[in-house]
Each structure stands twice: as C-alpha cells, then as structure tokens.
Amino acid sequence: MKRNPKWLLIGLAIVVVAIQLYQPERTNPPIEQARTVEAQTEISPAASAIVNRACKDCHSHQTRWPWYSFVAPVSWMVADDVEHARSHVNFSDWAQYERKDADHKLEEICEEVEKGAMPLASYQWMHAQARLSEQDVQAICAWTQAERRRLAETAGGGNTSEESHDEEDSPTHSH
Ligand code: HEC
C-alpha cells in the first residue's frame, strides 16, 4: 500500500498548530528610572544610542518582541535568549550590580563587542541596524573604560571586604 504524502503534510500542519499552544512568557517588567544604566553610569550619548538600538531588545526590560517571537518554535528561542541576556547584563536594572560586578560587566561589554560576539549573529540577520561599525565599538569601549576609571576613583580606599550580597531571586519592583 502506498502512503499518501497528503497525510504527512496534514500531520505536520497539526504539529505546527499544536506547538503554538506553548507560548513562552514575553515579559517587560516595570522599569525604575533611577536603576537604569543611564541613571547609574555616565554613559555617553553615542554609547547610549548604540546600546538602545543594538542591545536593549535582549538586555533590558524594553524588549520589542518581534512578530516571529509569537511563532513557535522560534518564540521559544527568542524568549530563552532574552531571559539569558537579562540574567547576564540588564541595562534596565544596572543598580543591582555592586561596584565589583559593575566593573566586570563593563569589561565584558567592551570585550564582547570587540570580538563581534554581541549582538548575537542571529539577531543581526533580522536587524541590520544592530550591526556595529568600528566607530560604534570604539564608542562603547570608550564609555566602559571611562566608567571603570570612574568606579575605581570613587572606590574610596580599597574596599576589600565582601559587601552584603543581594540575591536576585526576588526582584523588587516598587511602584
Ligand atoms: C538577540 C539577543 C541579544 C542581543 C541583541 C545582545 N545580546 Fe548580549 N547576550 C545575549 C545572550 C543570550 C547572552 C548570554 C550568552 C550565554 O548564555 O552564553 C548574552 C550575553 C552577553 C554578555 C555576557 C557575556 C558573558 O560571557 O557572560 C555581554 C557582556 C553582552 N551580552 C553584551 C551585549 C551588548 C553590549 C549588546 C549590544 C551591543 C548585546 N549583548 C546584544 C543576547 C543578546
């Protein structure tokens, strides 16, 4: 008996429709202006513009969820990227980073853009405007380096003691 390929297509269509039932959470938690990278650091207008256009869809609470983030299985990958991205670096909640953490994040930000590892390649395919020029990379690193110097200068006499460590399990959003 020969199988009718029509049934294969119908089966596939059913699977494609069925997986749409599993929608990931696409959140944009509220932002406290005072906790943002703009409020917490002396970010240059140039660097700020680059971060806004090339990083914040993943590393902030200002994600513009694209149409394909509503279509499984891509939706799962996008939501996963955003969740991971926010857990690594969150420009909307920069205040959570103590001096040492902030310094490390700044160092990594420059490294990642210099390597061309950020923004993610998959994102750049869909968002041409997120590609960084050599000048963009320089603007980012000029900011991170200046900010790291500023942090070191305001450190006030080599603080070696471990400061109390806030766990990020329970985000506090007062409004
Ligand atoms: C499409 C989403 C997306 C965009 C856009 C994006 N990132 Fe990321 N970023 C991620 C993900 C996902 C991770 C976590 C990587 C991992 O889990 O290995 C990450 C990790 C990082 C890290 C931490 C690296 C580490 O090793 O811990 C830095 C720093 C970073 N990104 C900076 C940036 C900067 C700066 C931009 C903008 C120029 C940017 N990212 C744009 C998704 C993104």
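I'll start with the overall layout, then go through the core, the ligand site and a few single residues.

So, first thing to keep in mind: this is a predicted model. The average pLDDT over the protein is 91, and 87% of the residues reach at least 70. The part to be careful with is residues 159-175, where pLDDT stays under 50. For that stretch the model has 6 contacts beyond four places in sequence.

Okay, the fold. What do we have in terms of helices and strands? The protein has 7 helices and 0 strands. Reading from the N terminus, that gives you α-α-α-α-α-α-α. There are 175 residues, and 21% of them count as buried. Now take the contacts with a separation of 6 or more: 81% of those are between residues 24 or more positions apart.

Let's go inside. The largest nonpolar core has 22 residues, and the ones touching the most other members are Ala47, Ile50, Val51, Phe91 and Ile140. Which elements give two or more residues to this core? That would be helix 3 (45-54), helix 4 (74-88), helix 5 (99-115) and helix 7 (134-153). Helix 3 has the largest share, with 4 residues.

Stay on helix 3 for a moment. Ala47, Ile50, Val51 and Ala54 are its buried residues. They span an arc of only 100° around the axis, so they sit on the same side of helix 3. And what do they pack against? The buried residues of helix 3 pack against helix 7. You can see some of this from Ile140: setting aside neighbours within four places in sequence, Ile140 contacts Ala47, Ile50, Ile109, Cys110 and Val113. In general, nonpolar side chains in soluble globular proteins tend to be buried together.

Still in helix 7, have a look at Glu147. Is Glu147 buried or exposed? Glu147 counts as buried, because 22 other C-beta atoms lie within 10 Å. Beyond four places in sequence, Glu147 touches Thr41, Glu42 and Leu106. Glu147 and Leu106 are 41 residues apart along the chain, yet their C-alpha atoms are separated by 7.8 Å.

Next up, the ligand. There are 18 residues around the ligand, and Cys55, Cys58, Met118, Pro119 and Tyr123 come nearest. If you sort that shell by class, you get 11 nonpolar, 3 polar and 4 charged residues. Helix 4 and helix 5 each supply at least two residues of the shell.

Two of those names come back in the next bit, which is about peptide bonds. Most peptide bonds are trans. Here, though, Met118 and Pro119 are joined by a cis peptide bond, with omega at about -5°. Pro119 is in the loop between helix 5 and helix 6 (121-126). There's also a cis bond joining Ala72 and Pro73, where omega is about 5°. To find Pro73, look in the loop between helix 3 and helix 4.

Ala130 and Ala54 are 76 residues apart in sequence, but C-alpha to C-alpha they're 4.3 Å apart in space. Even so, Ala130 counts as partly exposed, with 18 C-beta neighbours inside 10 Å.

Last stop: Tyr97, in the loop between helix 4 and helix 5. Tyr97 is partly exposed, since 18 other C-beta atoms fall within 10 Å. Again skipping residues up to four places away, Tyr97 touches Ala102 and Lys105. Tyr97 and Gln40 are 57 residues apart in sequence and 9.9 Å apart in space, C-alpha to C-alpha.

To wrap up: we've got 7 helices, a largest nonpolar core of 22 residues, and 18 residues around a ligand.

Technical notes. Residues are numbered from 1 along each chain as its sequence is written. This is a predicted model: local features need pLDDT of at least 70, side-chain atom pairs count only at pLDDT 80 or more; totals for chains, interfaces and linings use all residues. A nonpolar core is a set of buried Ala, Val, Leu, Ile, Met, Phe, Trp, Tyr and Cys residues joined through C-beta atoms within 7 Å. A residue is buried if 20 or more other C-beta atoms lie within 10 Å of its own, exposed if 12 or fewer, and partly exposed in between; C-beta atoms are placed from the backbone. Two residues are in contact if their C-beta atoms, placed from the backbone, lie within 7 Å. A residue is near a molecule or strand if its C-beta atom, placed from the backbone, lies within 6 Å of it. Ala, Val, Leu, Ile, Met, Phe, Trp, Tyr, Cys and Pro count as nonpolar, Asp, Glu, Lys and Arg as charged, and the others, Gly among them, as polar. The arc is that of the directions from the helix axis to the C-beta atoms. pLDDT is the predictor's confidence in each residue, from 0 to 100.
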